[in-house]
Each structure stands twice: as structure tokens, then as C-alpha cells.
2 protein chains.
Amino acid sequence: MKIIVDGFGGDNAPLAVLEGSALAVKEYGVEIIMTGDEAVLKKTAAEHNISLDGIKIVHAPDVISMEDDPRTLLKAKKQSSMAVAFQLLKDGEGEAFVSGGSTGAVVVGANFIVKRIKGIKRPGLASVIPTINGKYMLLDSGATLDCKPETLMHYGMMGSIYMNKMFGIESPRVGLVNIGTEETKGTELQLGAYEKMKEAPYNFVGNVEAREIPAGAVDVAVADGFTGNVLLKLTEGLASMFSKKIKDMMMKNTKTKIGALLLKDGIAEFKASMDYSEFGGAPMLGVQKPVIKAHGSSNAKAFKNAVRQAITFAESGMIKEMTETVAAMRFGDGEGEE
Amino acid sequence: MKIIVDGFGGDNAPLAVLEGSALAVKEYGVEIIMTGDEAVLKKTAAEHNISLDGIKIVHAPDVISMEDDPRTLLKAKKQSSMAVAFQLLKDGEGEAFVSGGSTGAVVVGANFIVKRIKGIKRPGLASVIPTINGKYMLLDSGATLDCKPETLMHYGMMGSIYMNKMFGIESPRVGLVNIGTEETKGTELQLGAYEKMKEAPYNFVGNVEAREIPAGAVDVAVADGFTGNVLLKLTEGLASMFSKKIKDMMMKNTKTKIGALLLKDGIAEFKASMDYSEFGGAPMLGVQKPVIKAHGSSNAKAFKNAVRQAITFAESGMIKEMTETVAAMRFGDGEGEE
């Protein structure tokens with residue numbers, strides 16, 4: 001198994017990417033193809049005693065920055081670490097691709113270099129987020145703002161297959177994010193999507209209110225990219241606010257500080273349950289090869305996890321299943337076949 | 001000052017409404033006009049030793065339930081406690097109205113019985129929500145799904161005036177909820193709203209990402225009713241999840257339980273800072289009289305707070321200011337006049 005990794009994607013690149021990749025080689029016996037400025041990569045590895053065994057560097061002198069227009073990936077920045085990596089993926093040089101770089105550029109590369117699955121017009125970027133006692137997939141979390149009812153129906157299908165193949169969840173519960181549970185709620189988009197989703201070949205559990213999602217009401221929450229992005233970012237913002245509040249609560253005075261020491265075990269468990277780097281990066285669903293967007297702030301461990309996720313993604317055969325399911329749905333004979 | 005209160009609105013009505021109203025009479029010297037089944041109200045008050053001094057009951061035999069179509073308020077349920085209350089408000093029998101009943105019915109009554117401010121086509125329901133070190137107003141939080149750029153621009157104006165008059169915030173920072181801070185982000189709705197908001201007579205600070213809202217980036221967060229409702233409900237859901245997680249963390253074992261005891265002061269402060277019943281109910285902005293939707297689960301204290309909020313709302317003259325501002329904006333000479 002060969003995984004292509006963007007050596008210059010992310011706030012901590014290339015060091016964290018190199019470290020994470022070396023860990024992945026060691027732990028999973030995978031081969032890494034890393035794109036980026038060869039001299040810089042070799043120098044960084046040497047300086048930090050990172051072994052390049054199992055890591056093949058493919059030179060790419062340029063970098064896509066967060067400020068660049070994502071479309072420069074296709075023209076002006078064709079020699080960037082990300083563009084070269086996408087081309088390698090398209091050419092079959094590796095089975096999957098991981099990047100911690102610009103989300104917009106990952107979306108552009110997935111759509112226009114790797115290309116979409118036949119029948120899927122708008123791929124989605126999916127995030128896996130902790131709930132009270134597990135996790136759920138949110139998609140789209142920001143790749144596609146102008147969704148159609150059919151887009152949302154497809155997201156449900158792809159999310160369902162992903163959660164099944166990646167985490168072994170039987171018949172994942174797919175919900176449509178809405179402002180009430182009744183079938184008549186929402187805008188035209190939700191009304192239309194509900195109609196299509198209730199006929200789709202997966203376990204559609206109806207509308208879900210955002211209040212119920214953290215409580216674990218669904219395994220897959222489907223939304224247009226605007227709503228999904230707002231949900232994702234509010235989750236991040238509130239998690240950060242609550243963490244800070246808890247810290248303040250513990251640091252209030254000497255008595256509370258002693259209390260906090262006694263709570264150590266509980267705090268560790270709490271933190272672990274909220275750590276979503278464990279779930280890896282955000283998969284881009286609806287394209288012909290596995291593409292994973294790692295968080296921009298990923299550290300070595302997060303990159304290692306994203307490589308593990310890429311391996312499972314590629315091995316699972318889920319893209320084949322998505323392709324076949326959408327083909328069957330297009331010819332109208334796919335209902336209830338799951 | 002006379003405040004009209006829906007005696008049968010809310011999960012704990014009429015008892016909590018009666019208790020909260022009696023407290024308000026005592027603490028604020030206000031007069032309450034309460035609508036609802038007179039016999040039941042008098043019996044409940046007697047059974048619980050609640051004084052009806054300062055509370056005038058106006059008989060209304062019917063009740064709007066959460067299951068009723070909100071529009072029944074205008075016809076089939078004209079004799080409900082809520083419909084009668086709205087009519088009293090319209091007729092000037094009281095200065096403001098508080099209900100803990102069906103949100104949909106409150107929106108219908110505000111729009112079609114009390115009527116909109118001239119120039120405001122779509123009133124908004126606003127919620128005040130805690131941040132890390134203060135609070136912000138979110139509007140619309142679910143009254144209007146089909147917003148236009150002008151609607152959002154008006155929300156910014158009304159939210160700004162409310163936060164100024166109600167909480168004394170000078171020049172409240174108004175942000176447009178969006179998926180990035182750049183002017184070019186979002187759907188057509190956000191692009192259009194940005195254009196209008198940057199010319200509007202208030203302190204528009206540009207787009208705000210949902211991640212920054214809990215950190216206190218804005219005093220007023222403007223969104224269409226779908227996005228706003230999702231934001232509000234996710235906030236509730238995550239707050240409830242984190243509270244439960246914190247409890248689990250403290251109850252893990254004997255050591256953590258002792259730690260939790262030592263944390264008591266900190267916990268009390270944490271809880272108080274997250275208690276948004278302190279901010280009262282959700283004001284309906286854009287209608288000709290003060291209308292406040294109290295939370296359905298309001299207890300006596302929350303109803304008392306909502307009455308206090310109604311008094312301030314009515315006394316502040318903010319509806320006059322909103323009316324004048326929108327009139328000035330309509331004739332194109334209102335820019336920067338604030």
C-alpha cells in the first residue's frame with residue numbers, strides 16, 4: 001500500500017508531516033510518497049533524525065498557501081506539493097492522498113484533477129465529530145454551498161457507506177439537519193431532500209435538530225455546505241469555550257486547585273473523549289480516489305492517524321460501493337438494495 | 001406600567017406563570033394582566049397561596065398547544081390565552097407582552113395581530129446567549145427562513161439598538177454569520193447582505209465565523225432563520241453535552257468525587273455564567289409593540305425575569321428608535337446618523 005502525502009500542507013509542515021509519516025511507516029508498514037521541495041525535506045529530516053526509510057520524495061518546488069486562490073492549483077501552482085500529489089494520485093502512483101493544506105485547494109484538486117464519481121455532481125467534505133458517547137459524520141462541512149436536494153441525498157449515501165466501512169457501524173442512522181423533526185420543516189432545499197432521502201437505499205431516520213446531534217441522535221448528519229460549515233465551526237468554538245471555562249473553574253482558588261488534582265483521572269478521560277484527531281482527517285467523498293484533508297493544525301500524531309485512515313479508506317473498497325450505488329440509483333433500481 | 005402575560009404559555013403553566021408574575025408585582029411594582037381560564041387561574045393561585053394582588057385576570061377559555069398549527073391563533077383559537085393577550089396588546093391595554101407558549105404562534109400573533117414596523121418586512125426572533133465573558137444576540141433564531149439581504153441588514157439595525165438599550169453596550173459590534181471573514185464568502189444571501197450592512201447606520205464589523213462567536217467576537221450575530229435556529233439549537237445541545245461530561249468526570253470514582261466537592265465554588269460560578277434565563281426571553285424584533293417569547297421550560301424565576309425584560313423593553317423607547325431608523329434608511333438619508 002502506497003499513500004501519497006503532501007509534505008508542505010499544514011501549519012506544522014514539513015516537520016510534523018515527516019514525523020507522522022515516519023511513524024506510519026513504522027507502525028503500519030506502509031510506503032509513503034511525499035511531495036515537496038526535496039532539499040528542504042531531506043534537510044529537515046536530517047536535522048531531526050527522522051528516518052526516510054519507506055518514504056519516497058517526489059520533488060515539487062512550490063507551495064499553495066492559505067492566501068492563494070484555490071484554483072491556482074490547476075495552473076499557476078501546478079508545481080506545488082499539493083498539485084503534484086493530486087497528479088500522482090490520479091496516475092495511480094499511490095492508493096490514497098493526505099494533505100493538511102488549504103481546504104479550498106483540496107476541494108479543487110479532488111474535483112478537477114482526481115475527478116468525481118459518475119453521477120455525483122457535488123462531492124462533500126466530511127468531518128467526524130465526537131458526541132456524548134461516540135461520534136457522527138457531518139457532511140458537507142463546507143465544500144459545496146449550492147446544494148440541491150439530490151446532492152444531500154447523495155451525501156447521505158456516501159456518509160452511510162463511510163461510517164459502515166470505516167467504523168463498522170451497521171446500518172448507520174442518516175439524518176437531515178433541520179429546524180424541526182416534522183417532514184414539513186425547513187426551506188425548499190430540506191423539503192426536497194427529505195422526499196429523496198426517504199426513498200434512498202440507506203437508513204434515513206428523518207430530520208434531526210442540531211440540539212439532538214451531540215446527544216448521538218444520528219451517525220450521519222447531512223447538511224448543505226453553508227449550514228455544515230457553521231455547525232462544524234460552532235462546535236469547535238464552543239468546545240474551546242467550555243475547555244477554558246472548566247480551566248477557570250479549577251484555577252479559581254487554592255481549594256479548587258486541589259480539587260482539580262483529585263480530578264486528574266476524570267479530566268484525562270474527558271479530554272480523550274473530546275479528541276477528534278483520533279478520528280483522522282476529513283475525507284472528501286464523491287471523488288474517484290481516497291482524498292483526506294488533515295486539520296491544518298495537525299501534529300505528527302494527527303498525520304499518522306490520517307495515514308492510517310487513508311489506508312483503511314483505500315482498503316475498504318468503499319469508493320467502488322459508492323460508485324455502484326449511485327449508478328444503481330440513477331437507473332432507478334437501487335431502492336432498498338443495501 | 002402594565003405587562004400582559006399569557007397565563008397558559010409554557011410547560012409549567014399556569015403555576016410557574018402565576019408564581020413568576022406575583023414575584024414581578026412584588027419586586028418591580030408592575031401591574032400584570034394575565035389571560036387564561038379564570039377559574040383555573042384562581043384555583044391554582046389559591047391552592048399555592050399565590051397572591052393575586054396586582055394581577056388582573058382576563059378570561060380566555062382556550063389554549064394554543066405546541067401541536068396546533070400556529071395560524072389557528074387568528075381564527076379557530078381566537079379565544080385562546082395567547083390570542084386574547086395579543087389583542088389586548090394591540091388595543092393598548094398593556095405596554096408589553098410575555099408568553100412561554102408556541103414559538104410559531106408568537107411569530108404569527110406578532111406579525112398579524114400586533115403588526116410590523118413600517119418598512120420591516122420580516123420581523124426576527126432574537127436570542128441572547130452567553131459567551132466566554134459576556135453575551136451576544138443571535139437573530140433571526142428561527143422566525144423567518146426566507147430572508148433577503150435587506151432582512152439581514154434590518155436585523156443588524158434592530159439587534160444593535162436592542163443591545164444598546166437593554167444592556168447599555170455602546171456601539172454594539174454587529175457581525176454577519178458566514179463561513180469565512182472575507183467579503184467574498186458565502187451564498188448570494190450573505191454577499192448581498194454584506195453590501196447592505198457595510199452601508200448601514202451601525203457598527204458592522206464584517207463577517208464572523210461561528211467559531212469566533214462563543215469567544216465574544218460580536219455583540220449581535222445576524223443570520224437567516226434557518227442558520228440561526230441551527231446555531232441556537234447546537235449551542236443548547238453542546239452545552240447539555242458538556243454539562244453531562246463534566247458531571248461524569250466528577251463522578252468517576254471516590255477521588256474525583258472529593259475533588260468535585262472542593263470545586264464547589266468554581267462550579268457555582270461556571271453554572272451562573274452559563275445560565276441564560278438571566279437574560280430573559282427571546283424578543284420579537286420588528287413589530288410595533290414589545291413581544292417576548294419566554295422559553296417553554298421557564299420556571300417562576302424565568303417568568304419574573306421575562307417580565308423585568310418586558311418593562312425595560314417598553315420603557316427604553318427602542319421601538320420608536322427602530323421605527324425612525326428604518327424610516328430614515330428607506331428615504332436614503334439615514335446613513336451614519338446613529
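User: What makes Glu236(A) and Arg211(B) a salt bridge?

Analyst: The rule asks for a side-chain nitrogen of Lys or Arg within 4 Å of a carboxyl oxygen of Asp or Glu. In this predicted model, the closest N and O atoms of Glu236(A) and Arg211(B) are 2.8 Å apart, so the pair meets the rule. Across the interface of chain A and chain B the rule finds 4 salt bridges.

User: Good to know it is predicted! What should I keep in mind when reading the numbers?

Analyst: Residues are numbered from 1 along each chain as its sequence is written, and chains are lettered from A and ligands numbered from 1 in the order in which they are written. Local features need pLDDT of at least 70, side-chain atom pairs count only at pLDDT 80 or more, totals for chains, interfaces and linings use all residues, and side-chain values use heavy atoms, with hydrogens and water left out.

User: How many residues of chain A and chain B are in contact?

Analyst: Contact means heavy atoms within 4.5 Å. By that rule, 48 residues of chain A are in contact with 48 residues of chain B. The area buried between the two chains is about 5,000 Å², and carbon and sulfur atoms give 77% of it. Buried area here is the accessible area (1.4 Å probe) that two parts lose on being put together, summed over both.

User: Which helices and strands of chain A supply at least two residues each to the side that touches chain B?

Analyst: They are strand E8 (174–178), helix H7 (225–250), helix H8 (254–262) and helix H9 (264–274). Such helices (H or I, at least four residues) and strands (E, at least two) are DSSP runs, numbered from the N terminus. H7(A) gives the most, with 19 residues.

User: Why is Asn305(A) called buried?

Analyst: Buried means under 20% relative accessible area, exposed over 50%, and partly exposed in between (1.4 Å probe, protein chains only). Asn305(A) has a relative accessible area of 3%, so it is buried. This residue sits in helix H10 (residues 300–316) of chain A. Leaving aside neighbours within four places in sequence, Asn305(A) is in contact with Tyr28(A), Ser277(A), Glu278(A) and Gly280(A).

User: And what makes Leu145(B) partly exposed?

Analyst: Its relative accessible area is 25%, so Leu145(B) counts as partly exposed. Leu145(B) lies in the loop between strand E7 (135–139) and helix H5 (149–167) of chain B. Leaving aside neighbours within four places in sequence, its contacts include Ile179(A), Gly186(A) and Thr187(A), as well as Phe226(B).

User: Why is Asn49(A) called exposed?

Analyst: Asn49(A) has 73% relative accessibility, so it counts as exposed. Its place is the loop between helix H2 (38–47) and strand E3 (55–59) of chain A. Asn49(A) also has a positive phi of about 55° although it is not a glycine. Most residues other than glycine have a negative phi.

User: How do you know that H4(B) is mostly covered?

Analyst: Of the 12 residues of H4(B), 9 are buried. Among them are Val106(B), Asn111(B) and Ile113(B). The buried residues of H4(B) pack against helix H3 (81–90) and strands E4 (96–99), E11 (282–285) and E12 (291–293) of chain B.

User: How do you know that helix H4 of chain B has close to the expected reach?

Analyst: The expected span of a helix is 1.5 Å times one less than its number of residues. H4 (residues 103–114) of chain B reaches 15 Å from its first C-alpha to its last, close to the 16 Å expected.
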